[in-house]
Amino acid sequence: MKRIAILALQGAFAEHEDMLQHLGAETMQIRNLVDWEDFLGEKGMDGDYTGLGLVIPGGESTAMMRIMRDEDLFEPLQEAIRGGLPVFGTCAGLILLDKVHLDTMNITALRNAYGRQLGSFFVEAPVDDIGTVPMTFIRAPYISEAGEGVTVLAKVDGRIIAAQQDKQLVTAFHPELNEDTRVHAYFLSMVS
């Protein structure tokens with residue numbers, strides 16, 4: 001059984017949890033260091049992440065960074081992701097994985113990239129290896145720069161909105177807010 005930790009500091013973490021459970025994964029909400037250590041167990045604490053994964057949902061990236069630091073989660077999460085723990089970041093989660101924040105993915109994110117007028121919108125667009133999926137954007141970022149090792153999976157209006165680097169997957173949109181489960185299934189396929 002695949003076990004997925006969901007960073008439950010704010011945002012649409014419950015929707016991610018519902019979708020992952022629907023796909024047969026076991027989930028655990030992470031709010032502090034004790035939760036994280038319980039999730040990893042002895043195996044994960046030794047750097048064996050087999051069958052484990054992490055979702056960093058949308059929310060407000062500045063607030064999430066502050067809470068991660070206050071709860072002593074920043075360094076343990078960074079270490080696990082750098083050590084090969086599969087991670088899926090949506091919206092603010094994309095921002096948190098970039099070079100400026102957790103610095104685990106070779107991307108630069110542009111926050112609130114669509115401005116107020118297009119703060120929220122919906123499109124359907126293709127994602128490599130997945131197909132055309134519904135995409136809900138809420139005050140979304142996009143990737144302004146994808147460096148070495150990053151595979152661009154999708155663009156909307158010429159802007160990078162989904163990418164992968166090794167076992168890190170990011171989307172600027174919120175797949176958890178639609179009924180299509182293929183993006184989450186793709187992430188689960190990354191969890192060995």
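User: What about Glu-176, is it buried or exposed, and which side chain of opposite charge is nearest?
Analyst: Keeping in mind that this is a predicted model, Glu-176 is buried and yet has no salt bridge, since the nearest side chain of opposite charge, that of Arg-139, is 11 Å away.

User: Where does Glu-176 sit, then?
Analyst: Glu-176 is placed in the loop between S11 and H6, where S11 covers 168–171 and helix H6 covers 182–190.

User: And which side chains make polar contacts with Glu-176?
Analyst: The side chain of Glu-176 has a polar contact of 2.7 Å with the side chain of His-174, and another polar contact, at 3.3 Å, joins it to the side chain of His-16. If neighbours within four places in sequence are left aside, Glu-176 is in contact with Ala-12, Glu-15, His-16, Met-19, Thr-90 and His-184.

User: Going back to charges, how many salt bridges does the structure hold?
Analyst: The structure holds five salt bridges. One of them is formed by Glu-26 and Arg-3, whose closest N and O atoms are 3.2 Å apart. Glu-26 lies in strand S2 (residues 26–30) and Arg-3 in strand S1 (residues 3–7), so this pair ties together parts that are 23 residues apart in sequence.

User: How exposed are Glu-26 and Arg-3?
Analyst: Glu-26 is partly exposed, with a relative accessible area of 38%, and Arg-3 also counts as partly exposed, at 22% relative accessibility.

User: Which residue does Glu-60 meet in a salt bridge?
Analyst: The side chain of Glu-60 meets that of Arg-111 in a salt bridge, at 2.6 Å from N to O. This pair links distant parts of the chain, 51 residues apart, with Glu-60 in the loop between strand S3 (52–56) and helix H3 (61–70), and Arg-111 in the loop between strand S5 (107–110) and strand S6 (120–127). Glu-60 is partly exposed at 32% relative accessibility, while Arg-111 is partly exposed with a relative accessible area of 38%.

User: And what does Asp-180 pair with?
Analyst: Asp-180 and Arg-182 meet through their side chains in a salt bridge, 2.7 Å from N to O. Asp-180 is partly exposed, with a relative accessible area of 22%, and Arg-182 is partly exposed as well, at 33%.

User: Switching to strands, which way do the residues of S11 point?
Analyst: Gln-168 and Val-170 point one way from S11, whereas Leu-169 and Thr-171 point the other way, and all of them are buried.

User: What are the strands that pair with S11, and in which sense, parallel or antiparallel?
Analyst: Strand S4 (residues 87–90) pairs with S11 in the parallel sense over four bridges, and Phe-88 stands opposite Leu-169 in S11. Strand S10 (residues 159–165) runs antiparallel to S11 and is joined to it by four bridges, with Ala-163 standing opposite Val-170. In the hairpin of S10 and S11 there are two residues between the strands, and Asp-166 takes a positive phi near 50°.

User: Last topic, helix H4: which of its residues are buried?
Analyst: In helix H4 (residues 74–82) the buried residues are Phe-74, Leu-77, Gln-78, Ala-80 and Ile-81. They cover an arc of only 165° around the axis, which means that they are on the same side of H4.

User: What does the face turned away from that side carry?
Analyst: That face of H4 carries the exposed residues Glu-75 and Glu-79, and just after H4, Gly-84 takes a positive phi of about 110°.

Conventions:
Residues are numbered from 1 along each chain as its sequence is written. This is a predicted model: local features need pLDDT of at least 70, side-chain atom pairs count only at pLDDT 80 or more; totals for chains, interfaces and linings use all residues. Side-chain values use heavy atoms; hydrogens and water are left out. A salt bridge is a side-chain nitrogen of Lys or Arg within 4 Å of a carboxyl oxygen of Asp or Glu. Buried means under 20% relative accessible area, exposed over 50%, partly exposed in between (1.4 Å probe, protein chains only). Two strands pair if DSSP finds at least two bridges between them. Lys and Arg count as positive and Asp and Glu as negative; His and the chain ends are not counted. A polar contact is a pair of N or O atoms within 3.5 Å; within protein, one must be able to donate a hydrogen and the other to accept it, and residues adjacent in sequence count only if both atoms are side-chain atoms. Contact means heavy atoms within 4.5 Å. The arc is that of the directions from the helix axis to the C-beta atoms.
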